[in-house]
Amino acid sequence: MMSLSIASPSSVTFTSKINLSKSSFHGIQIPKIIQARAVNAPPPSYSSLVVKMAKREEELKEIRTKTTVELQEEIVDLKGELFMLRLQRSARNEFKSSEFLRMRKRIARMLTVKREREVEEGINKRISRKLDRKWKKSIVPRPPPSLKKLREEEAAEEAKESAS
C-alpha cells in the first residue's frame with residue numbers, strides 16, 4: 001500500500017507501507033508421476049545386468065593381477081586417453097561418448113585396487129595422499145597410446161606414398 005500526499009507545492013512526502021518481510025510463496029509442489037507397466041508386459045530382464053557384473057568381475061581380476069607400477073602406468077595412459085577424448089569433444093569431432101564413463105570407471109577401479117593394497121600394507125590415508133602427490137609430480141608427460149598409434153599410422157602412410 002502506497003500513499004502520496006501533497007501539502008504545498010514546495011513539500012512533497014512519499015511513504016511506502018509495503019511489507020517485504022512476509023511472502024506468500026511457499027514453493028511449488030510437483031506431483032509424483034508413477035509409471036505403470038502394461039498389464040501384459042513381461043518383467044524387466046536382468047540378464048544384461050548379470051553380463052555387466054561378470055565383465056566387471058573379470059576386469060577387476062585382470063587389474064588385481066597387475067603390479068602397482070603397471071597400474072600407475074596404465075592410470076597415466078587412461079588419463080591421457082580421457083584428455084584426448086575431451087579434446088575431440090571440444091573440437092566437435094566424432095567420438096564415442098560412452099568412452100568417457102568407461103575410462104573414468106576403469107581409472108576408479110584401478111585407484112581402488114591401489115588403495116586396497118596400501119591398506120593391506122598398513123599405509124594410512126594421510127601418508128597415502130603424500131605418496132600420491134609425489135607420484136603425480138614424478139609423472140613424465142607423454143602422449144597417450146591412441147595418439148602414438150595415430151602417429152605411427154600416419155608415418156606408415158607417408159612411407160607408402162614416398163615409396164610409390
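Local features in the predicted model require pLDDT of at least 70 and side-chain atom pairs count only at pLDDT 80 or more, whereas totals for chains, interfaces and linings use all residues. Residues are numbered from 1 along each chain as its sequence is written, and side-chain values use heavy atoms, with hydrogens and water left out.

The secondary structure of the chain comprises five helices and two strands, where helices (H or I, at least four residues) and strands (E, at least two) are DSSP runs numbered from the N terminus. Along the sequence, these elements follow the pattern β-β-α-α-α-α-α. Of the 164 residues, 18% count as buried; buried denotes under 20% relative accessible area, exposed over 50%, and partly exposed the range in between (1.4 Å probe, protein chains only).

Ten salt bridges are present in the structure, a salt bridge being a side-chain nitrogen of Lys or Arg within 4 Å of a carboxyl oxygen of Asp or Glu. Glu74 takes part in a salt bridge with Lys66, with the closest N and O atoms 2.1 Å apart, and both of these residues are buried. A salt bridge also joins Glu74 to Arg106, for which the closest N and O atoms are 2.8 Å apart. Because Arg106 lies in helix 3 and Glu74 in helix 2 (residues 68–90), this pair ties together parts that are 32 residues apart in sequence. Arg106 is buried, at a relative accessible area of 10%, and Glu74 counts as buried at 18%.

The side chains of Lys114 and Asp132 likewise meet in a salt bridge, at 2.9 Å from N to O. Distant parts of the chain are linked by this pair, with Lys114 in helix 3 and Asp132 in helix 4, 18 residues apart. Lys114 counts as buried at 6% relative accessibility, whereas Asp132 is partly exposed at a relative accessible area of 24%. Salt bridges with shared partners join Glu59, Glu62, Lys66, Glu74, Arg106 and Arg109 into one network.

The side chains of Lys114 and Asp132 also make a polar contact at 2.9 Å. A polar contact is a pair of N or O atoms within 3.5 Å; within protein, one atom must be able to donate a hydrogen and the other to accept it, and residues adjacent in sequence count only if both atoms are side-chain atoms. Helix 3, in which Lys114 is placed, spans residues 98–121. Met110 is also found in helix 3 and counts as buried, at 0% relative accessibility. The C-alpha atoms of Met110 and Glu74 are separated by 8.6 Å, while the two residues are 36 residues apart along the chain.

A positive surface patch is formed by Lys125, Arg126, Arg129, Lys130, Arg133, Lys134 and Lys137. Patches consist of residues with over 30% relative accessible area and no salt bridge; like charges are joined within 9 Å, and nonpolar side chains (Val, Leu, Ile, Met, Phe, Trp, Tyr) within 5 Å. Lys and Arg count as positive and Asp and Glu as negative, with His and the chain ends not counted. Arg126, one of the patch residues, is placed in helix 4 (residues 125–138) and counts as exposed at 65% relative accessibility.

Terms used
Accessible areas come from the Shrake-Rupley method with a 1.4 Å probe; for residues, only the protein chains shown count as cover. The place of a charge is taken as NZ of Lys, CZ of Arg, CG of Asp or CD of Glu.
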